[in-house]
Amino acid sequence: MDNMDKKFYLVREDVLPEAMKKTIEVKEMLERGKAESIADAVLKVDLSRSAFYKYRDTVFPFSTIQKEKIISLFFHLEDRSGTLSNLLSVVASSGCNVLTIHQTIPLQGRANVTLSLNTSNITTELDELLTELRKLEFVEKVEVLGTGA
């Protein structure tokens with residue numbers, strides 16, 4: 001499934017699989033300092049590390065998305081040396097904090113990159129940032145996958 005075909009849902013906790021609930025619990029333990037490491041936290045909640053890594057970048061408490069002002073962007077980039085670095089530099093200069101990066105293996109000189117950004121400290125309008133990103137010569141496409149404000 002192409003990243004552009006993915007949808008996001010708001011789901012009630014009681015219908016989530018146990019591994020997803022425990023992944024959120026592990027993330028909260030780590031954030032609050034109630035566990036020293038991922039290995040320690042997953043042991044405390046009886047979750048495998050592989051399940052944690054599978055879900056950690058895909059499941060978030062609703063309150064996190066509300067307060068953090070998270071946006072997910074999809075990029076179609078030319079595969080050139082320094083491309084990701086230059087892209088991240090523009091994002092950082094706007095005051096956004098990168099939460100996650102997912103990059104596909106380049107095929108036929110192109111790569112897909114998905115960034116999740118915390119825009120709480122953005123120093124410009126989001127539209128201006130998107131315009132600036134689209135102007136980069138190696139960027140072929142930028143799309144907003146989802147936002148939480």
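Biologist: In which loop does Gln 108 lie?
Modeller: This is a predicted model. In it, Gln 108 has a positive phi of about 50 degrees although it is not a glycine. The place of Gln 108 is the loop between E2 and E3.

Biologist: Is Gln 108 buried or exposed?
Modeller: A residue counts as exposed over 50% relative accessible area. The value for Gln 108 is 83%, so Gln 108 is exposed.

Biologist: Which loop holds Asp 46, and is Asp 46 buried or exposed?
Modeller: Most residues other than glycine have a negative phi. Asp 46 is not a glycine, yet its phi is positive, about 60 degrees. Asp 46 sits in the loop between helix H2 (38-45) and helix H3 (49-55). Its relative accessible area is 64%, so Asp 46 is exposed.

Biologist: In what order do the elements of the protein run from the N terminus on?
Modeller: The protein has six helices and four strands. From the N terminus on, their order is α-α-α-α-β-α-β-β-α-β.

Biologist: Which element gives the largest share of the largest nonpolar core?
Modeller: This core has 18 residues, and Phe 75, Leu 87, Leu 133 and Val 139 have the most contacts inside it. Two or more residues come from each of strand E1 (70-78), helix H5 (83-93), strand E3 (110-118), helix H6 (126-135) and strand E4 (139-148). The largest share is four residues, and the element that gives it is E1.

Biologist: Which residues is Leu 87 in contact with, leaving aside its neighbours within four places in sequence?
Modeller: Leu 87 is among the residues with the most contacts inside the largest nonpolar core. With those neighbours set aside, the residues in contact with Leu 87 are Phe 75, Leu 77, Leu 115, Leu 133, Leu 136, Phe 138 and Val 139.

Biologist: How many residues does the second, separate core have?
Modeller: In soluble globular proteins, nonpolar side chains tend to be buried together. The second core includes Ala 41, Val 45, Leu 47 and Phe 52, and its residues number nine.

Biologist: What kind of aromatic pair do Phe 52 and Tyr 53 form?
Modeller: A search of the whole structure finds one aromatic pair. Phe 52 counts as buried at 2% relative accessibility, while Tyr 53 counts as partly exposed at 38%. Their rings are 5.5 Å apart centre to centre with 70 degrees between the planes, and the pair is edge-to-face.

Biologist: Are H5 and H6 roughly parallel or roughly antiparallel to each other?
Modeller: The axes of H5 and H6 are 11 Å apart, and the helices pack at an angle of about 160 degrees. Angles over 145 degrees count as roughly antiparallel. H5 and H6 are therefore roughly antiparallel.

Biologist: Is the crossing of H5 and H6 left-handed or right-handed?
Modeller: From H5, the contact is made by Leu 87, Val 90 and Val 91, and from H6 by Leu 129, Glu 132 and Leu 133. The crossing of these two helices is right-handed.

Biologist: Is Ser 94 buried or exposed?
Modeller: Ser 94 is found in the loop between H5 and strand E2 (97-103). Not counting residues up to four places away in sequence, Ser 94 touches Asn 121, Ile 122, Thr 123, Thr 124 and Leu 129. Its relative accessible area is 5%, so Ser 94 is buried.

Biologist: What percentage of the residues of the protein count as buried?
Modeller: Buried means under 20% relative accessible area. Of the 149 residues of the protein, the share that counts as buried is 32%.

How values were computed
Residues are numbered from 1 along each chain as its sequence is written. This is a predicted model: local features need pLDDT of at least 70, side-chain atom pairs count only at pLDDT 80 or more; totals for chains, interfaces and linings use all residues. Side-chain values use heavy atoms; hydrogens and water are left out. A nonpolar core is a set of buried Ala, Val, Leu, Ile, Met, Phe, Trp, Tyr and Cys residues joined through side-chain atoms within 4.5 Å. Buried means under 20% relative accessible area, exposed over 50%, partly exposed in between (1.4 Å probe, protein chains only). Contact means heavy atoms within 4.5 Å. Rings of Phe, Tyr and Trp (its six-membered ring) pair if their centres lie within 6.5 Å; planes under 30 degrees apart count as stacked, over 60 as edge-to-face and the rest as tilted. Axes are lines fitted to C-alpha atoms, for helices over the stretch in contact, and angles run from 0 to 180 degrees between N-to-C directions. Angles under 35 degrees count as roughly parallel, over 145 as roughly antiparallel, 65 to 115 as roughly perpendicular and the rest as oblique. A crossing is left-handed if the near helix is turned anticlockwise from the far one by less than a right angle, and right-handed if clockwise.
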